[in-house]
Amino acid sequence: MKKLLILTGTLAILSLASCKKDYVCECTTTSNGQTSAPDQTTLVGVSKGTARANCLSTESSYVIAGTTYKYTNNCNLK
């Protein structure tokens, strides 16, 4: 019974541990209607939660001499 309890506890701990591996974050940038080719970044040896937290889409705009420029960075985890 003691061996079964130890084995069950060990398996439970291993199943709760986060799996760290490599993830690819692919981003496409759009600036004033012009879209760039996708850019890929490899996140090495991280958990999926960390990869999601570091693969973020952003959007910003700025005004120069009365003209508004919009910049969008659309990222997806692969």
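Start by selecting Cys25: its relative accessibility is 4%, so Cys25 counts as buried (buried means under 20% relative accessible area, exposed over 50%, partly exposed in between, with a 1.4 Å probe and protein chains only). Keep in mind that you're looking at a predicted model, where local features need pLDDT of at least 70, side-chain atom pairs count only at pLDDT 80 or more, and totals for chains, interfaces and linings use all residues. Residues are numbered from 1 along each chain as its sequence is written, and side-chain values use heavy atoms, with hydrogens and water left out.

A disulfide (a pair of cysteine sulfur atoms within 2.5 Å) links Cys25 to Cys55, with 2.1 Å from S to S. Look along the S-S bond: this link is right-handed, at 80°. Cys25 sits in strand β1 (residues 21-31) and Cys55 in the loop between α2 (48-54) and β4 (58-64), so the pair ties together parts 30 residues apart in sequence. Helices (H or I, at least four residues) and strands (E, at least two) are DSSP runs, numbered from the N terminus. Cys55 counts as buried, at 10% relative accessibility.

Zoom out: the whole structure has two disulfides, and counting bonded cysteines along the chain gives the pattern 1-3, 2-4.

Last stop, Cys19: with 55% relative accessibility, Cys19 counts as exposed.
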